[in-house]
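Here is a friendly walk through one model, going from the contact between domains to a few single residues. Keep the viewer open as you read.

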Amino acid sequence: MDTHPLKLKVQSVVAETPFIRSLVFGVEGGAVPRWQAGAHIRVSLPNGGDRPYSLMALPGLAEGAVALGVLREEMSTGGSQFMHALKTGDIVRATAPVNNFPLQGGSAPALLFAGGIGVTPILSMAAELNARGIPYRLHYAGRTPGRLAFLPQLQAICSKGLAVHYDSDESRLDVAAALGDAPADAHVYVCGPAGMIDAVKAGALSRGVPADRIHFELFKAEQPGSPNKPFEVELKSTGQVITVATDQSIIQALEAAGLDVLYDCQRGDCGICQCGVIAGVPDHRDVILSDDEKASNKVMQICVSRAKSERLVLDL
Ligand code: FES
């Protein structure tokens with residue numbers, strides 16, 4: 001059986017932000033089966049694997065076309081790099097749409113939360129709620145202006161139903177306030193990084209929203225190309241040596257050793273945890289350092305990055 005029966009031809013590629021591209025595909029020799037908001041397809045990769053991407057109901061999308069939003073991830077297994085290298089006319093294979101994150105609750109109002117590339121299914125939900133005449137509010141959060149993809153499209157879809165939040169200023173997302181403003185019978189949907197999902201779930205449950213009205217989909221970063229290995233971190237100031245286990249970040253290992261560390265996003269995109277490297281070779285997994293900075297091996301983000309060498313000496 002052909003597990004990737006859809007043959008998709010790239011019609012256009014747009015850089016929505018420095019890290020996120022939208023790709024629009026036409027379907028060769030057939031049509032995409034009908035799908036609803038929250039659905040995804042899995043695109044086949046040259047390495048034999050595949051990657052899920054949410055289907056986007058972008059405004060003005062031609063009947064039968066397929067739109068995806070793709071984040072370029074550092075240290076990926078190749079999926080996002082392959083997708084970002086696609087050009088007009090290239091062809092990929094994909095599965096039929098599958099939906100594990102559908103709108104529920106009939107005509108009940110909806111409260112939508114999106115973070116980062118998690119906006120892709122949420123955008124489609126807003127479009128579908130519009131079409132069904134169901135009231136909703138969409139809270140879209142990101143680090144700083146200029147890093148939120150698909151804002152013009154969301155403004156066109158949502159009009160006054162969109163609230164944009166930046167962690168860098170006073171508009172920062174207040175989950176409790178957003179939940180407090182929502183109708184009591186609203187269904188809550190969230191797609192974004194794990195921290196955002198946890199905050200929305202905990203906030204909704206504490207306000208008495210039943211668990212079956214809280215719906216979420218984790219935006220899973222690609223797994224790094226090589227499995228995590230333990231390594232050592234030496235602190236320049238004291239000479240203390242701390243082992244970072246396979247399932248620990250450097251920050252977690254430092255905190256477990258009783259050290260006070262400055263950090264914020266823990267996704268490698270805010271720069272707060274940046275640290276000087278005195279010796280050793282970092283395994284960079286952030287999205288904030290430039291290629292030159294990474295190649296210098298003089299600086300790293302200790303929330304997500306690891307080590308290629310057995311020991312790193314850090315300027316701590
Ligand atoms: S805490 Fe944001 S980059 Fe590390």
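This is a predicted model: local features need pLDDT of at least 70, side-chain atom pairs count only at pLDDT 80 or more; totals for chains, interfaces and linings use all residues.

For orientation, the domain assignment of the chain places domain 1 at 6–98, domain 2 at 110–218 and domain 3 at 231–314.

## The chain as a whole

The chain holds seven helices and 19 strands. Its radius of gyration is 21 Å, close to the 20 Å that the globule rule gives for 316 residues, so the chain is as compact as a globular protein of that length. Along the principal axes, the C-alpha trace spans about 65 × 45 × 35 Å.

Of the 316 residues, 40% are buried. Take the contacts between residues at least 6 apart in sequence: 67% of them join residues at least 24 apart.

## Helix H2

Helix H2 covers residues 119–132, which makes 14 residues. From its first C-alpha to its last it reaches 20 Å, close to the 20 Å expected at 1.5 Å a residue. Is H2 mostly covered or mostly open? It is mostly covered, with 10 of its 14 residues buried.

Among those buried residues are Val119, Thr120, Pro121 and Ile122, along with Leu123, Ser124 and Met125. Ala126, Ala127 and Leu129 are also buried. Just after H2 comes Gly133, with a positive phi of about 70 degrees.

## The nonpolar cores

Which residues touch the most other members of the largest nonpolar core? Among its 62 residues, they are Leu112, Ile122, Leu123, Ala126 and Leu138. H2 supplies the largest share of this core, seven residues. Domain 1 and domain 2 both give residues to the core, so it lies between them. Another core lies apart from it and has 17 residues, including Val244, Leu254, Met300 and Ala307.

Phe150 sits in the loop between strand S9 (136–142) and helix H3 (151–158). Although Phe150 is not a glycine, its phi is positive, at about 65 degrees. Phe150 counts as buried because it has 25 C-beta neighbours inside 10 Å, and the cut-off for that class is 20 or more.

Ser159 is not a glycine either, yet it has a positive phi of about 55 degrees. Is Ser159 buried or exposed? It has 10 C-beta neighbours inside 10 Å, so Ser159 counts as exposed; the cut-off for exposed is 12 or fewer. Ala211, in the loop between helix H5 (194–206) and strand S12 (214–218), also counts as exposed because it has 9 such neighbours inside 10 Å. The C-alpha atoms of Ala211 and Lys201 are 8.4 Å apart, and the two residues are 10 residues apart along the chain.

Note on methods: Residues are numbered from 1 along each chain as its sequence is written. Helices (H or I, at least four residues) and strands (E, at least two) are DSSP runs, numbered from the N terminus. The expected span of a helix is 1.5 Å times one less than its number of residues. A nonpolar core is a set of buried Ala, Val, Leu, Ile, Met, Phe, Trp, Tyr and Cys residues joined through C-beta atoms within 7 Å. Domain bounds come from an automatic or database domain assignment. The radius of gyration is taken over C-alpha atoms; the globule rule is 2.2 Å times the number of residues to the power 0.38. Two residues are in contact if their C-beta atoms, placed from the backbone, lie within 7 Å.
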